[in-house]
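The sequence and the model come first.

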Amino acid sequence: MAQQVEHVLGKDEVTGSSPVSSSTEETAILAVSFIYNIICYYIHCILICQTEILIAHYLW
């Protein structure tokens, strides 16, 4: 299919239906970033909960 489009458009190179490697890499980076942000959020929540428990303990 890509070769037919190349022929019709008269272009030397047309990207096929497969994803370009850079877009695949960008998707992988976004996925890792998303997971990293979730992990950081949960660590942050745990630290806040522990801090609140310590503060409540010292206030009583």
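Is cysteine 49 buried, partly exposed or exposed? Cysteine 49 is partly exposed, because its relative accessible area is 43%; buried means under 20%, exposed over 50%, and partly exposed in between, with a 1.4 Å probe and protein chains only. The model is predicted: local features need pLDDT of at least 70, side-chain atom pairs count only at pLDDT 80 or more, and totals for chains, interfaces and linings use all residues. Residues are numbered from 1 along each chain as its sequence is written, and side-chain values use heavy atoms, with hydrogens and water left out.

The chain has 2 helices and 0 strands, taken as DSSP runs numbered from the N terminus (helices H or I, at least four residues; strands E, at least two). Of its 60 residues, 2% are buried. The accessible surface is about 5,900 Å², with 66% belonging to carbon and sulfur atoms; areas come from the Shrake-Rupley method with a 1.4 Å probe, and for residues only the protein chains shown count as cover.

The structure holds 0 disulfides, a disulfide being a pair of cysteine sulfur atoms within 2.5 Å. Cysteine 49 is in none; the nearest cysteine sulfur, that of cysteine 45, is 6.6 Å away.

| Residue | Relative accessible area | Class |
|---|---|---|
| Isoleucine 39 | 45% | partly exposed |
| Cysteine 40 | 31% | partly exposed |
| Tyrosine 41 | 51% | exposed |
| Tyrosine 42 | 51% | exposed |

Isoleucine 39 lies in helix H2 (residues 21-59). In the whole structure, 1 aromatic pair is found. Tyrosine 41 and tyrosine 42 have ring centres 5.6 Å apart and planes at 70°, so the pair is edge-to-face; rings of Phe, Tyr and Trp (its six-membered ring) pair if their centres lie within 6.5 Å, with planes under 30 degrees apart counted as stacked, over 60 as edge-to-face and the rest as tilted.
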